Amino acid sequence: MKLMTQAQKNKMIKNHNDQDGSKDFKAVIKLFDPTGSGTWYLSELDPNTNVAFGLCDLGVGCAELGYVSLDELSNLKVKMGLGIERDLYFTPKTFEELQKVA
């Protein structure tokens, strides 16, 4: 499965380019480990490095805002040889909303 659609990628790159340090964008995509508890809610993407920004929750009780390499996530194999998947039904949410459930 592709980690994002072209429209989602374009939106995340636009968010990255529009960021001036004071803007709080909604998460555009939700990625998750289908066999575990890792979840990434991502809002921005640097097209030069393929590094995304968002709320990262590895399921250990301390979700945090940070950066993650999409190259690494796309190559990650979890239990049963599965890869990271995109939540097809996720609707954009603010990080404040997401931190309440993370």
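Reader: How do the residues of the lining of the largest pocket divide into nonpolar, polar and charged?
Author: This is a predicted model, in which local features need pLDDT of at least 70 and side-chain atom pairs count only at pLDDT 80 or more, while totals for chains, interfaces and linings use all residues. Residues are numbered from 1 along each chain as its sequence is written, and side-chain values use heavy atoms, without hydrogens and water. Ala, Val, Leu, Ile, Met, Phe, Trp, Tyr, Cys and Pro count as nonpolar, Asp, Glu, Lys and Arg as charged, and the others, Gly among them, as polar. On that basis the lining splits into four nonpolar, four polar and two charged.

Reader: Which elements give two or more residues to the lining of the largest pocket?
Author: A pocket is an open set of points on a 1 Å grid over the protein atoms alone, where a 1.4 Å probe fits, with protein on both sides within 12 Å along at least five of seven lines; lining residues have an atom within 4 Å of a point. Here the lining includes Gln6, Lys9, Leu70 and Ser74. Helices (H or I, at least four residues) and strands (E, at least two) are DSSP runs, numbered from the N terminus. The elements with two or more lining residues are α1 (6-18) and α2 (70-75).

Reader: Is lysine 2 buried or exposed?
Author: Lysine 2 is in the segment before α1, and this residue is among those lining the largest pocket. Buried means under 20% relative accessible area, exposed over 50%, and partly exposed in between (1.4 Å probe, protein chains only). Because its relative accessible area is 57%, lysine 2 is exposed.

Reader: What is the order of the strands in the open sheet?
Author: Two strands pair if DSSP finds at least two bridges between them. Strand β3 (residues 51-57) is joined to β4 (residues 64-69) by six bridges, and β1 (residues 29-32) to β2 (residues 39-46) by four. β1 also pairs with β5 (residues 85-86) over two bridges. With antiparallel pairing, the five strands have the order β4-β3-β2-β1-β5.

Reader: Which residue stands opposite leucine 31 in β5?
Author: β1 and β2 form a hairpin with six residues between them, and there leucine 31 stands opposite tryptophan 40. In β5, an edge strand that pairs on one side only, the residue opposite leucine 31 is arginine 86.

Reader: Which glycine in the turn between β3 and β4 has a positive phi?
Author: β3 and β4 form a hairpin with six residues between them. Valine 51 stands opposite serine 69 in β4. In the turn, the residue with a positive phi of about 80° is glycine 59.
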